Amino acid sequence: MSDELLESADERELRSGVREMLSAECPWQSVLAFVSGGGDAFDPKLWRTVATGMGLAGLLVPEAQGGSGAQWRAAAVVVEELGRAVAPVPYLSSAVVATTALGLGEEPSLLGRLASGELTAALAVPYGLWSAPRLLPVSAGVVNGTVRGVADALGAGLLLVPCEDGLYAVDGAAARRTRVMSLDETRPLCDLEFTAAPARLVASLSAVPCALRVAATLMAAEQVGLASWCLDTTVAHLRSRLQFGRPVGSFQALKHRLADLWVELTQARSVVAYAVADLASGGDDASVAASLAKIVGSEVAVRAAEECVQMHGGIGFTWEHPAHLYLKRAKATSVAYGSPDRHRARLATLVDLPLEAS
Amino acid sequence: MASLITEASLRSRISEFLAAHDPASAGRLAFLRARFDAGLAWVHFPEGLGGLGAGRALQPVVDEAFAAAGAPDNRPGRIGIGLGMAAPTVLAHGTPEQRARWLRPLWTGEEVWCQLFSEPGAGSDLAGLGTRARRDGDDWVLDGQKVWTSMAHVARWAILLARHDPSLPKHAGLTYFVLDMTAPGVEVRPLRQLTGEAEFNEVYLTGVRIPDEHRLGEVGEGWKVAQTTLMNERVSIGGGALPREGGMIGVLAKAWRDNPARRTPGLHDTVMRLWVRAEAARLTGLRVRQQLAAGAPGPDGSAVKLSFATLNQQISAAELDLLGDEGLRRDSWAMGRPEEVDFTGRDPGYRYLRAKGNSIEGGTSEVLRNIIAERVLGLPAEPRVDTRVPWKDLPR
Ligand SMILES: Cc1cc2nc3c(=O)[nH]c(=O)nc-3n(C[C@H](O)[C@H](O)[C@H](O)COP(=O)(O)OP(=O)(O)OC[C@H]3O[C@@H](n4cnc5c(N)ncnc54)[C@H](O)[C@@H]3O)c2cc1C
């Protein structure tokens with residue numbers, strides 16, 4: 001059934017496997033060390049474990065190309081768990097978004113390398129893009145121009161560049177890449193400059209909106225992961241922190257806010273499950289579902305992270321506490337692939353509730 | 001025990017039944033009674049009680065097949081308290097005789113049920129109620145006052161919570177009964193609500209006798225039995241299956257489409273935010289029903305009632321904002337005595353006013369937030385002064 005919204009036993013097992021691995025290999029202290037160090041494109045050791053060790057980079061690659069064959073629901077589980085851990089790896093950008101774009105062309109060998117995890121790729125569009133990208137000029141097999149603020153492009157071996165007559169592949173090293181100091185350093189951004197960079201046509205431009213729809217949907221899964229960490233961590237803190245001779249979690253002013261947050265998270269989980277199930281079943285309703293998911297996912301992630309900081313008091317405002325990693329990731333993801341406001345504008349058209357009379 | 005009823009075997013039972021009972025000629029009540037006796041009423045109930053012991057997930061198969069055959073239904077809107085609250089409580093805590101007596105006419109709609117829980121001094125703090133039940137031979141004698149009792153004016157039976165021992169702490173002194181609303185000493189007075197009509201009532205109980213065989217559960221177990229009722233109440237309010245734009249949001253979306261001249265950017269933003277919230281709530285309801293069907297009812301049900309109330313209020317308010325003074329026109333202020341609860345009907349003013357009750361009836365939104373915080377999230381309870389003292393010594 002296409003709208004089965006409950007997790008299967010396999011999915012539960014995958015979730016606990018990924019969570020267990022991340023608690024060993026990606027504790028928040030190592031994420032904090034990663035952002036404090038500044039400079040790395042991603043955590044290569046963790047990427048090897050996720051992509052190759054656990055074989056997760058190929059979930060969306062067809063079996064004939066060495067992957068496991070379009071397992072959307074499984075990919076969403078992985079993305080959600082990586083979000084829960086604010087893991088600094090390019091899974092969403094490479095194994096989901098770029099892989100989707102490339103999968104819509106005819107590039108079996110590149111897909112095979114992405115599935116193995118040896119290569120990572122990035123769609124060369126601004127992180128906040130939600131509609132048609134600006135197209136770069138291409139002629140005689142070379143591309144020129146710049147793209148600002150691209151996620152996870154710094155360490156990508158392959159860049160997928162939307163050009164005037166299609167999507168082109170450019171070797172990562174052929175672009176000038178300048179790291180941007182970004183609000184969320186767990187998913188680095190960089191500016192790209194192409195000067196007569198050799199480029200090869202790999203897919204038609206219709207791959208871009210398709211990849212962006214997938215990006216919005218799966219980003220919402222990441223946001224559910226971020227929000228659920230924030231809620232769990234805040235609840236645990238409120239149960240143990242004593243003030244006025246009682247746990248602060250017994251104060252109703254805080255309890256009611258967390259109850260509302262839980263309701264919002266429960267709803268976001270249902271919406272994401274629906275949107276991912278819709279991708280899996282061929283996507284009749286994919287555009288509506290993707291926008292819905294991106295709106296509720298963004299709102300709950302930001303609210304959860306903001307409440308997490310506030311309810312931890314002074315300690316939540318310190319660099320040495322992980323709350324800020326989630327706050328920064330949450331706010332950045334809310335802008336990524338279209339803010340809630342942009343998606344509401346799109347939805348208005350999709351569901352026939354336009355502002356202007358037609 | 002694995003259920004032996006498959007979808008295929010259920011479908012063949014339904015066709016056999018429909019072949020033997022023509023919905024067009026069978027007469028409404030005779031048809032409904034026969035459907036109950038064939039186990040095709042609520043299929044997850046036990047055999048002999050309107051069910052087949054089948055999985056809950058199969059219920060839509062039955063309902064859709066009967067609807068498609070043009071069969072009369074039991075008008076669920078009229079018997080919501082019976083179906084949603086009394087029936088699961090009787091099933092869980094009733095004796096075999098009690099189940100056999102009450103469930104069939106409840107389901108067919110021959111007997112309407114109401115809920116005599118709240119009192120003037122005990123709403124959110126239901127366990128503080130004071131209606132007295134004194135044992136007298138094989139009977140109990142009841143004295144007290146209940147209030148806000150929806151549909152008491154059409155009810156034949158009531159589920160009722162009363163205090164058999166005031167010297168015990170509040171929760172321990174309660175016993176649960178089923179009351180015959182036609183018994184001497186039961187007086188139902190209309191209580192007009194802010195919509196103008198009187199859907200609910202005050203119910204005065206003066207020396208009312210209830211036979212001991214109409215007690216549900218043990219003496220002193222009233223609070224435990226009431227939990228079954230309350231849990232089911234929360235799932236049943238706002239938990240129905242709806243298509244996209246079903247319910248209150250559909251009304252607002254239509255008003256938006258029909259009134260291009262009234263649109264503003266600010267209202268547009270409001271409409272879109274509410275549309276998204278309503279769709280998220282609808283999909284959550286879908287997931288909750290799938291959990292229930294899979295036999296693993298999660299805590300997500302309490303999210304459904306809470307967001308249903310908030311959304312209905314915000315959506316109906318937005319509809320008035322959109323319609324301007326045209327939206328102020330009401331169909332009537334007469335004190336009607338409705339026989340069905342209607343949240344989305346009549347006029348925009350009615351919808352706006354009736355929705356105010358959604359965050360009060362069936363547990364206020366504040367109380368639901370306490371329940372979620374404590375039972376779902378595991379946050380500590382507030383310090384309490386009222387739970388260990390004898391009820392009679394509590395301040396009132
Ligand atoms: C339309 C409608 C139909 C109803 N139908 C029925 C029916 O059929 N049968 C029946 O038995 N009852 C019925 N009720 C009654 C309903 O269950 C009660 O009104 C409700 O439980 C609230 O109780 P109260 O009115 O005494 O308010 P109170 O409990 O006095 O509450 C007053 C305010 O205090 C808040 N409050 C109370 N305790 C707390 C707390 N611990 N923490 C935070 N805030 C708190 C409440 O949320 C509320 O805002 C109906 C009510 C309505 C509006």
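I looked up the salt bridges across the interface of chain B and chain A, counting a side-chain nitrogen of Lys or Arg within 4 Å of a carboxyl oxygen of Asp or Glu, and the rule finds 9 of them in this predicted model. I noted one of these pairs, in which the side chains of Glu264(A) and Arg277(B) meet at 4.0 Å, N to O.

For my own bookkeeping, the model is predicted, with local features needing pLDDT of at least 70 and side-chain atom pairs counting only at pLDDT 80 or more, whereas totals for chains, interfaces and linings use all residues. Residues are numbered from 1 along each chain as its sequence is written, chains are lettered from A and ligands numbered from 1 in the order in which they are written, and side-chain values use heavy atoms, with hydrogens and water left out.

I then looked up contacts (heavy atoms within 4.5 Å) and found that 47 residues of chain B touch 45 residues of chain A. The buried area, which is the accessible area (1.4 Å probe) that two parts lose on being put together, summed over both, is about 4000 Å², and carbon and sulfur atoms give 65% of that area. In chain B, Arg277(B), Arg287(B) and Leu377(B) lose the most area to chain A, together 15% of what that side buries.

Turning to the ligand, I found that the ligand lies between chains A and B. A polar side-chain atom of Glu366(B) is 2.8 Å from an oxygen atom of the ligand, while a backbone N or O atom of Gln115(B) is 2.8 Å from a nitrogen atom of the ligand.

Conventions
Near = heavy atom within 4 Å. Polar contact = N/O pair within 3.5 Å; in protein donor to acceptor, adjacent residues only side chain to side chain.
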